[in-house]
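Please look over the structure shown below before reading the report, keeping in mind that it is a predicted model.

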Amino acid sequence: MIRPLVDGMVYSLGVVILARRVGVLTWGGAAAAWAVGTVVFGLGGWPRAGLLVVFAATSSALTLWRAADKPHPEHRTGRTGAQVLANGAVAAALAAAHGLGTGDWTAAAFAGAVAAATADTWATEIGMGSRARPRLITTGAPVPPGRSGGVSVPGTVGGLAGAGVIAVLASLWMGVPGGWVWVGGVAGMVADSLLGATAEGRGRWATNNTINLLATALGAVVAGIPGRM
């Protein structure tokens with residue numbers, strides 16, 4: 001097991017260095033991304049690593065798109081270690097489970113976690129980059145761009161597309177049910193918005209990072225349903 005992890009460290013390092021150079025990660029974010037990448041590349045294999053790279057590359061590109069017009073600080077300083085782990089810890093755990101030989105069900109669950117992270121990130125970045133006024137998912141009231149729980153038509157369409165990209169690639173590369181992966185990704189995106197509107201900030205645990213982690217876990221559970229039947 002040591003050799004695959006060493007290989008994973010080497011392969012993921014190049015991706016992390018590039019992400020750091022273009023400014024989408026803080027130093028803490030780079031360290032967390034390296035840890036996640038090491039596990040996924042080393043224990044998950046190339047199909048899982050490919051999905052992770054697609055998520056990271058597309059999300060980074062959308063983060064940089066119109067970054068000066070977006071309200072979140074990570075668009076100026078890069079994503080922190082906590083933000084990286086919120087989106088990648090579930091996927092890393094499932095890649096490790098695969099490496100330990102726990103069963104084929106982890107493939108679809110891994111894809112679902114990545115699909116949820118991709119859907120939420122695409123929805124957020126496209127929504128903030130568009131001119132459409134976001135509305136709170138629970139009441140429909142207008143809210144400022146970047147407000148947790150706020151949704152817009154362009155952002156929602158982008159999120160659906162992001163989950164679809166991961167679902168198609170997961171089906172082609174890993175042979176998992178793409179439809180379930182897409183449903184898992186969309187479920188995670190919707191749950192993220194609902195929790196952001198109703199729970200975020202109402203307790204010490206209810207941070208944006210915790211909600212992102214729960215959303216990716218839900219995506220994994222939903223996508224992994226066929227393998228557990």
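The report covers a pocket, a helix pair and an aromatic pair.

## The second largest pocket

In this predicted model, the second largest pocket holds about 570 Å³ of space, and its lining is made up of 27 residues, with Ala19, Leu25, Ala33, Ala56 and Ser60 lying nearest the centre. Two or more lining residues come from each of helix H1 (2-21), helix H2 (27-44), helix H3 (46-64) and helix H5 (81-99).

Among these elements, H3 gives the most to the lining of this pocket, contributing nine residues. By class, the lining of the second largest pocket comprises 17 nonpolar residues, nine polar residues and one charged residue.

## Helices H7 and H8

Helix H7 (residues 153-174) and helix H8 (residues 178-198) have axes that come within 8 Å and cross at roughly 145 degrees, and the crossing in which H7 passes H8 is right-handed.

On the H7 side, Thr156, Gly159, Leu160, Ala163, Gly164, Ile166, Ala167 and Ser171 make the contact, and they meet Gly178, Val181, Trp182, Gly185, Val186 and Met189 of H8. Sorted by class, the contact of H7 with H8 consists of eight nonpolar and six polar residues, with no charged residues.

## An aromatic pair between H1 and H3

Two aromatic pairs are found when the whole structure is searched. One of them joins Tyr11 and Trp46, whose ring centres lie 5.1 Å apart and whose planes stand at 50 degrees, so the pair counts as tilted. Because Tyr11 lies in helix H1 and Trp46 in helix H3, this pair ties together parts that are 35 residues apart in sequence.

Technical notes:
Residues are numbered from 1 along each chain as its sequence is written. This is a predicted model: local features need pLDDT of at least 70, side-chain atom pairs count only at pLDDT 80 or more; totals for chains, interfaces and linings use all residues. Side-chain values use heavy atoms; hydrogens and water are left out. On a 1 Å grid over the protein atoms alone, a cavity is a set of points where a 1.4 Å probe fits but cannot get out, and a pocket is an open set with protein on both sides within 12 Å along at least five of seven lines; lining residues have an atom within 4 Å of a point. Grid points are joined across faces, edges and corners, and a volume is the space filled by probe spheres set on the points. Helices (H or I, at least four residues) and strands (E, at least two) are DSSP runs, numbered from the N terminus. Ala, Val, Leu, Ile, Met, Phe, Trp, Tyr, Cys and Pro count as nonpolar, Asp, Glu, Lys and Arg as charged, and the others, Gly among them, as polar. Axes are lines fitted to C-alpha atoms, for helices over the stretch in contact, and angles run from 0 to 180 degrees between N-to-C directions. A crossing is left-handed if the near helix is turned anticlockwise from the far one by less than a right angle, and right-handed if clockwise. Contact means heavy atoms within 4.5 Å. Rings of Phe, Tyr and Trp (its six-membered ring) pair if their centres lie within 6.5 Å; planes under 30 degrees apart count as stacked, over 60 as edge-to-face and the rest as tilted.
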